[in-house]
Amino acid sequence: MTPSIMELLGFGSQGWGLLLLKAAGVTLSAAVCGFFLGSLLGICGATLKLARPPLFRWVGQFYTTVFRGVPEILVVYLFYFGGSVVLTKAMNTGGFIGFYSLPAFAIGVIAVGVVSGAYQTEAYRSAFLRLDRGQLEAGASCGMPKLLLLRRIIAPQTLRFALPALGNIWQSVLKETSLLSVIGLIELLRQAGTAAGSTRLPLLFYGVAGLMFLIIGRATGFFLIRMESHLAKPWSR
């Protein structure tokens, strides 16, 4: 007897519900880790592009130009195959003969993070350029140390101005995790494809995957909107 749609999407012996939820957890984990890695790279990249030495600015410009201009899936392949080659050579040089590679999840996070960092670099840089220079000069004239100036004036306002752009970048990162299926990571889209091939119901499972992506995106986007409203409170009074 052919199982019903509810049975196929349920958590019983014939259901794919639990596997889809686990895959959604992998998708969300990869997106969160990649986004935060991208935040670190974005802050470093923005600092380089805003630095006075031309060499620093050139390095920051090279980073953003390359990783915003190359297709994301190509970056995933480069890190997957290139990382394996570099790691294997390093281990063989150290006397550990054999083939070595990083886990697919780690490679996916690095690839997504590097691409995300290139876009976040521009978000943080443009946000910093929107700061009121009078506030920075006033803080410096009051004898504020650089770290205190960063913590009380620069960081909060830069984050506030960058949040709308960061929200869009987060949505892109979430969707880019679907590319990680090409390196064997069992994320949401790959699991949906496995279920579709097993049951011969591609429309059902790909539709469910799309709905789950939409739910995750809307839920996390709501959190970013609340965070943006919270940071804007001191300037709305």
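Reader: Which residues may form a nonpolar surface patch, and which residues make the one here?

Author: Patches are made of residues with over 30% relative accessible area and no salt bridge, and nonpolar side chains are joined within 5 Å. In this predicted model, such a nonpolar patch covers about 510 Å². The residues that make the patch are Ile73, Leu74, Tyr77, Leu78, Phe81 and Val182.

Reader: Is Leu74 buried, partly exposed or exposed?

Author: Leu74 lies in helix α4, which spans residues 72-93. Buried means under 20% relative accessible area and exposed means over 50%. Because the relative accessible area of Leu74 is 39%, this residue is partly exposed.

Reader: Which helix gives the most to the lining of the largest pocket?

Author: The largest pocket has a volume of about 550 Å³ and is lined by 16 residues. At least two lining residues come from each of α2 (17-50), α5 (104-129) and α7 (146-176). With 8 residues, the element that gives the most is α7.

Reader: How many charged residues are in the lining of the largest pocket?

Author: Nearest the centre of this pocket lie Thr47, Leu50, Phe128, Leu150 and Ile154. By class, the lining has 13 nonpolar and 2 polar residues, and the number of charged residues is 1.

Reader: Which residues lie closest to the centre of the second largest pocket?

Author: The second largest pocket holds about 320 Å³ of space. Of the 13 residues that line this pocket, those closest to its centre are Phe35, Phe36, Phe223, Leu224 and Met227.

Reader: How many nonpolar residues line the second largest pocket?

Author: Elements α2, α7 and α9 (202-236) each give two or more residues to this lining. The lining has no charged residues and 2 polar ones, while its nonpolar residues number 11.

Terms used
Residues are numbered from 1 along each chain as its sequence is written. This is a predicted model: local features need pLDDT of at least 70, side-chain atom pairs count only at pLDDT 80 or more; totals for chains, interfaces and linings use all residues. Side-chain values use heavy atoms; hydrogens and water are left out. On a 1 Å grid over the protein atoms alone, a cavity is a set of points where a 1.4 Å probe fits but cannot get out, and a pocket is an open set with protein on both sides within 12 Å along at least five of seven lines; lining residues have an atom within 4 Å of a point. Grid points are joined across faces, edges and corners, and a volume is the space filled by probe spheres set on the points. Helices (H or I, at least four residues) and strands (E, at least two) are DSSP runs, numbered from the N terminus. Ala, Val, Leu, Ile, Met, Phe, Trp, Tyr, Cys and Pro count as nonpolar, Asp, Glu, Lys and Arg as charged, and the others, Gly among them, as polar. Patches are made of residues with over 30% relative accessible area and no salt bridge: like charges are joined within 9 Å, nonpolar side chains (Val, Leu, Ile, Met, Phe, Trp, Tyr) within 5 Å. Accessible areas come from the Shrake-Rupley method with a 1.4 Å probe; for residues, only the protein chains shown count as cover. A salt bridge is a side-chain nitrogen of Lys or Arg within 4 Å of a carboxyl oxygen of Asp or Glu. Buried means under 20% relative accessible area, exposed over 50%, partly exposed in between (1.4 Å probe, protein chains only).
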